[in-house]
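Here is a short report on nonpolar packing and aromatic pairs. Please keep the sequence and the 3D view open while you read.

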Amino acid sequence: MSTPAPNHPSDMRAWLRSRPALTGRGRPVDVAALPAEPLPLFLSWIRLAADQGVPEPHAATLATVDRDGMPDARTLLLKDADARGWAFAGPRSSGKGIQLAVHAVAALNFWWQPLARAVRLRGPVREATPAESAADLAARSPAARDGVAAGDWVLWRLQPSRVEFWQGATDRRHTRIVYEVAPGGWGRHVSGTTDT
């Protein structure tokens with residue numbers, strides 16, 4: 001396979017550039033009514049995504065890093081989101097389990113294309129109690145439990161230090177609502193359009 005000459009676009013590059021982008025229907029964000037913390041806004045956005053027919057709105061990309069600092073990512077399902085964090089689960093012996101044992105930090109990304117919305121979180125990850133992990137495993141179907149070794153199933157919670165809500169706009173005036181942990185609570189910054 002020949003390599004394209006420098007500064008000469010490849011066929012794939014041209015094809016990718018021709019694809020439509022931001023084809024979803026963006027929604028206005030009422031920045032005057034934003035909550036002081038990110039969790040209520042996340043719960044509102046994910047429920048709206050479900051109500052609008054987004055398939056599997058609880059699917060997210062989880063990114064971790066390995067022992068050498070190499071990033072790794074996979075798609076999984078959110079198990080819960082509450083004041084304790086955003087929960088996901090899997091075998092301790094899995095790639096993510098091994099990586100989290102070394103570097104207990106992660107990023108989680110949700111993309112709801114029909115609404116042109118994304119949510120990005122990052123922060124430390126903590127294991128739930130053994131009883132919570134066992135309860136999560138017990139809630140899975142028999143087929144989903146098959147082959148899981150005793151004690152290998154773990155429920156983790158990402159406890160975000162930063163949460164970004166992104167509302168895309170066809171005019172590229174995207175709205176970004178960023179919450180970051182600050183002394184005494186959450187700080188918040190809004191950029192982009194503030195139309196309501």
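The report covers the cores, the aromatic pairs and a surface patch.

## The largest nonpolar core

This is a predicted model. Its largest nonpolar core has 32 residues. Phe42, Trp86, Leu108, Phe110, Trp112, Val119 and Phe165 touch the most other members. Helix H2 (38-51) supplies at least two of its residues. So does each of the strands S1 (59-65), S4 (85-91), S5 (105-112), S6 (117-127), S7 (153-158), S8 (162-167) and S9 (175-182). The largest share comes from H2, with six residues.

## Contacts of Trp112

Trp112 is one of the core members with the most contacts to other members. Leave aside residues up to four places away in sequence, and tryptophan 112 touches Phe42, Trp45, Ile46, Ala49, Val54, Pro57, Arg117 and Val119. Two of these names, Phe42 and Val119, also stand among the core members that touch the most others.

## Aromatic pairs

The structure holds nine aromatic pairs. One of them is formed by tryptophan 45 and phenylalanine 165. Their ring centres lie 5.2 Å apart, and their planes meet at 80 degrees, so the pair is edge-to-face. The cut-off for that class is over 60 degrees. This pair links distant parts of the chain, with tryptophan 45 in helix H2 and phenylalanine 165 in strand S8, 120 residues apart. Tryptophan 45 is buried at 4% relative accessible area. Phenylalanine 165 is buried too, at 0%.

Tryptophan 111 and tryptophan 166 make another pair. Here the centres are 6.1 Å apart and the planes stand at 50 degrees, so the pair is tilted. It also links distant parts of the chain: tryptophan 111 lies in strand S5 and tryptophan 166 in strand S8, 55 residues apart. Are the two partners buried or partly exposed? Tryptophan 111 counts as partly exposed, at 45% relative accessibility. Tryptophan 166 is buried, at 14% relative accessible area.

## A nonpolar surface patch

Met12, Trp15 and Leu16 form a nonpolar patch on the surface. Together they have about 330 Å² of accessible area. Methionine 12 lies in helix H1 (residues 11-18). Its relative accessibility is 47%, so methionine 12 counts as partly exposed. The cut-off for exposed is over 50%.

Key. Residues are numbered from 1 along each chain as its sequence is written. This is a predicted model: local features need pLDDT of at least 70, side-chain atom pairs count only at pLDDT 80 or more; totals for chains, interfaces and linings use all residues. Side-chain values use heavy atoms; hydrogens and water are left out. A nonpolar core is a set of buried Ala, Val, Leu, Ile, Met, Phe, Trp, Tyr and Cys residues joined through side-chain atoms within 4.5 Å. Buried means under 20% relative accessible area, exposed over 50%, partly exposed in between (1.4 Å probe, protein chains only). Helices (H or I, at least four residues) and strands (E, at least two) are DSSP runs, numbered from the N terminus. Contact means heavy atoms within 4.5 Å. Patches are made of residues with over 30% relative accessible area and no salt bridge: like charges are joined within 9 Å, nonpolar side chains (Val, Leu, Ile, Met, Phe, Trp, Tyr) within 5 Å. Accessible areas come from the Shrake-Rupley method with a 1.4 Å probe; for residues, only the protein chains shown count as cover. A salt bridge is a side-chain nitrogen of Lys or Arg within 4 Å of a carboxyl oxygen of Asp or Glu. Rings of Phe, Tyr and Trp (its six-membered ring) pair if their centres lie within 6.5 Å; planes under 30 degrees apart count as stacked, over 60 as edge-to-face and the rest as tilted.
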